Amino acid sequence: MFGFLQKVGDYTKDAVGAANYITQGLSVTFDHLRRRPITVQYPYEKLIPSERYRGRIHYEFDKCISCEVCVRVCPINLPVVDWVMNKETKKKELKNYSIDFGVCIFCGNCVEYCPTNCLSMTEEYELAAFDRHSLNYDNVALGRLPTSVTSDPAVVPLRELAYLPKGEMDPHGVDPDRARAGKLPEQVQAEMAAAAAKSAEKA
Ligand code: SF4
Ligand code: SF4
């Protein structure tokens, strides 16, 4: 009799435990059902990177003195400073400079320690390529001015997460009547179509 009661007790304990787990799981699901989405409709919408964002490095060839400090402070000795010694002037002559963004970890050490400030980190983050060798930027590619989401007419730059009200960063418990910060892709498309129609009318 005691053994039977023990089994019933164990079974009840297991059933209560299972019910607890199911409730916990469902509470997460219902919490997500209640919240607003935080999706950014990339590539039509893009968030503006923060001021100190560490994106693609910009390099100014004319300012570089070939000191190689950037190479020494880089955790993987990545920058390649290609210079030759001019025997007449007894000065270094810079021939080429390159950084391989397929290997760079964007730590910013080289930018921090460069004595002439010829390196800087930009807000450019779209570096995807089909061939990883094309990520090895030479001084010409490094010298290109960075692209900016705010200057691209095909992109809606977002300062806030678009589906949330202005200044709100937590998608949970937001009042459904509060207006969203950004525009929906349909609204953006409608605006673009209206602008195109207007310019066609003018022409
Ligand atoms: S950002 Fe860091 S890893 Fe990349 S080149 Fe500079 S020091 Fe090296
Ligand atoms: S630290 Fe600056 S100046 Fe020196 S080699 Fe590197 S980029 Fe050129």
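Reader: Let's start at Ser199: in which helix is its place?
Author: Helices here are DSSP runs of H or I with at least four residues, strands are E runs of at least two, and both are numbered from the N terminus. The run that holds Ser199 covers residues 185-202, and that's helix α5.

Reader: Before I go on, what sort of model is this, and which atoms do the side-chain values use?
Author: It's a predicted model, where local features need pLDDT of at least 70 and side-chain atom pairs count only at pLDDT 80 or more, while totals for chains, interfaces and linings use all residues.

Reader: Why does Ser199 count as partly exposed?
Author: Buried means under 20% relative accessible area, exposed means over 50%, and partly exposed is in between, using a 1.4 Å probe and protein chains only. Ser199 falls in that middle band because its relative accessible area is 46%.

Reader: How far apart are the centres of domain 1 and domain 2?
Author: The bounds come from an automatic or database domain assignment. Domain 1 is made of 36-49 plus 153-203, and domain 2 runs over 57-143. Taking their C-alpha centres, the distance between domain 1 and domain 2 is 37 Å.

Reader: How many cavities of 30 Å³ or more are there?
Author: On a 1 Å grid over the protein atoms alone, a cavity is a set of points where a 1.4 Å probe fits but cannot get out, and its lining residues have an atom within 4 Å of a point. Points are joined across faces, edges and corners, and the volume is the space filled by probe spheres set on them. With that 30 Å³ cut-off, the structure holds two.

Reader: What volume does the largest cavity have, and which residues come closest to its centre?
Author: Its volume is about 90 Å³. There are 15 lining residues, and the closest to the centre are Cys74, Leu78, Cys104, Cys107 and Cys110.

Reader: Which ligand takes up that largest cavity, and which residues are around that ligand?
Author: A molecule sits in a cavity if more than half of its atoms lie within 2 Å of the grid points, and the largest cavity is the space taken by ligand 1. A residue is near a molecule if one of its heavy atoms lies within 4 Å of it. For ligand 1 that gives Ile57, Cys74, Pro75, Cys104, Ile105, Phe106, Cys107, Gly108, Asn109 and Cys110.

Reader: How many charged residues are in the shell around ligand 1?
Author: Ala, Val, Leu, Ile, Met, Phe, Trp, Tyr, Cys and Pro count as nonpolar, Asp, Glu, Lys and Arg as charged, and the others, Gly among them, as polar. The shell has eight nonpolar and two polar residues, and the charged count is none.

Reader: Where does ligand 2 sit, and which residues come nearest to that ligand?
Author: Ligand 2 takes the space of the second largest cavity, whose volume is about 80 Å³. Its shell divides into eleven nonpolar, two polar and one charged. Out of 14 residues around ligand 2, the nearest are Cys64, Cys67, Glu68, Cys70 and Cys114.

Reader: Which residues lie nearest the centre of the second largest cavity?
Author: The lining holds eleven nonpolar residues, one polar and one charged. Of these 13 residues, the ones nearest the centre are Cys64, Cys67, Cys70, Cys114 and Cys118.

Reader: Is Cys118 buried or exposed?
Author: Cys118 is in the loop between α3 and β5. Its relative accessibility is 2%, so Cys118 counts as buried.

Reader: What phi does Asn117 have?
Author: Asn117 is in the loop between α3 (109-113) and β5 (119-121), and with 52% relative accessible area it's exposed. Most residues other than glycine have a negative phi, and most peptide bonds are trans. Asn117 has a positive phi, near 55 degrees.

Reader: Which two residues does the cis peptide bond join?
Author: Pro43 is in the loop between α1 (2-34) and β1 (45-47). Omega is about 5 degrees for this cis bond, which joins Tyr42 and Pro43.

Key: Residues numbered from 1 in each chain as written. Chains lettered and ligands numbered in written order. Heavy atoms only, no water. 1 Å grid on protein atoms, 1.4 Å probe; cavity = no way out; pocket = protein on both sides within 12 Å on 5 of 7 lines; lining within 4 Å.
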